[in-house]
Amino acid sequence: MKTAFLPAHSNPQYDQYTFAYSITISNGSDLPVQLMSRHWVITDAGGRVQEVKGDGVVGEQPVIAPNGSFHYSSGATLETPVGYMEGRYFMVVREPPEISPQDLPTFEVPIPAFSLHTPTALN
């Protein structure tokens, strides 16, 4: 997990602070898994909460091979120079092939909270 403040995409005069984040999702199992959807809860320093739900991430529902990984980057805009994100991914196991698609096992992966902050906000 990596985050960065994007000053060129922010406008503090209008309470707009934009951040990028990069995430690598690793599959440590012996079976392929697919990321079906995500749910993010984004909270700024003023207590304002944004919820983001949707299919996949960055327009994809990647299948992650056994012992493989998937990397993506995205962003969020807050009204304050400090905030945090947390959420979960909803996954499905893609095998064994004898199981019909609607009966494939599903599971959730919690994403612990991580900070979004400008370089000087936490000094």
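User: Which residues does Thr 18 touch, not counting residues up to four places away in sequence?

Analyst: This is a predicted model, where local features need pLDDT of at least 70, side-chain atom pairs count only at pLDDT 80 or more, and totals for chains, interfaces and linings use all residues. Residues are numbered from 1 along each chain as its sequence is written, and side-chain values use heavy atoms, with hydrogens and water left out. Contact means heavy atoms within 4.5 Å. With that exclusion, Thr 18 touches Ala 4, Phe 5, Leu 6, His 9, Ser 10, Ala 76 and Thr 77.

User: Is Thr 18 buried or exposed?

Analyst: Buried means under 20% relative accessible area, exposed over 50%, partly exposed in between (1.4 Å probe, protein chains only). Thr 18 counts as buried because its relative accessibility is 11%.

User: Which side chain forms a polar contact with that of Thr 18?

Analyst: A polar contact is a pair of N or O atoms within 3.5 Å; within protein, one must be able to donate a hydrogen and the other to accept it, and residues adjacent in sequence count only if both atoms are side-chain atoms. The partner is the side chain of Thr 77, at 3.0 Å. The Thr 18 side chain also reaches the backbone oxygen of His 9 at 3.0 Å.

User: How many residues does the largest nonpolar core have?

Analyst: In soluble globular proteins, nonpolar side chains tend to be buried together. A nonpolar core is a set of buried Ala, Val, Leu, Ile, Met, Phe, Trp, Tyr and Cys residues joined through side-chain atoms within 4.5 Å. Here the largest has 23 residues, and Trp 40, Tyr 72, Met 85 and Tyr 89 have the most contacts inside it.
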